[in-house]
Amino acid sequence: YGCSSVVVVPSITPESLPTVILEAMAYGVPVVASRIGGAGEIVEDGVNGRLFPVGDAALCASSILGILSDHSVRARLREKGLEKVRERFSMAGHIAAMTDWLESVARRRTANREAEE
């Protein structure tokens, strides 16, 4: 990944959590991926990568060229990809999400107990 300017993931079958996308983003490499399976959950088109419909080679190619030809786009996608991995897929991000969820469960249980009284 360290020598790559863009990682292309032209999947034709869905994967629930395509690790190649997470790895690329963790290395700060922009991603162009098929809009299928978990790729659409990780890649936000135009925000932290580019998505294209399965089999659309023309849109895939134009997305790759768009990233390669514009340093500012490449830098923005790199930054937002790193941000996504850190916030959602890192251990700290996972712990924060679990803590938020557990706190919401505790609040609901407390509210339900108070309503019963």
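Buried means under 20% relative accessible area, exposed means over 50%, and partly exposed lies in between (1.4 Å probe, protein chains only). The model is predicted: local features need pLDDT of at least 70, side-chain atom pairs count only at pLDDT 80 or more, and totals for chains, interfaces and linings use all residues. Residues are numbered from 1 along each chain as its sequence is written, and side-chain values use heavy atoms, with hydrogens and water left out.

**View 1. The whole protein chain.**
The protein chain holds five helices and three strands. Helices (H or I, at least four residues) and strands (E, at least two) are DSSP runs, numbered from the N terminus. Their order from the N terminus is β-α-β-α-β-α-α-α. The C-alpha trace spans about 65 × 25 × 20 Å along its principal axes. Of the 117 residues, 32% count as buried.

**View 2. Lys80 and Glu83 in helix 4.**
Lys80 and Glu83 form a salt bridge, with their closest N and O atoms 3.7 Å apart. A salt bridge is a side-chain nitrogen of Lys or Arg within 4 Å of a carboxyl oxygen of Asp or Glu. Lys80 and Glu83 sit three residues apart in helix 4, so about one helical turn separates them. Lys80 is partly exposed, at 30% relative accessible area. Glu83 is partly exposed too, with 30% relative accessibility.

**View 3. Glu44 and Lys84.**
Here a salt bridge joins Glu44 to Lys84, and the closest N and O atoms are 3.3 Å apart. Glu44 is in the loop between helix 2 and strand 3, while Lys84 is in helix 4 (residues 71-89), so the pair ties together parts 40 residues apart in sequence. Is Lys84 buried or exposed? Lys84 is buried, with a relative accessible area of 15%. Glu44 counts as partly exposed, at 36% relative accessibility.

**View 4. Asp45 and Arg35.**
The side chains of Asp45 and Arg35 meet in a salt bridge (4.0 Å, N to O). This pair links distant parts of the chain, 10 residues apart. Asp45 is in the loop between helix 2 (39-42) and strand 3 (50-52). Arg35 is in the loop between strand 2 (31-34) and helix 2. Asp45 is partly exposed, with a relative accessible area of 34%. Arg35 is partly exposed, with 49%.

**View 5. A network of salt bridges.**
Which residues are linked in a network of salt bridges? They are Arg35, Asp45 and Arg50. The structure holds four salt bridges.
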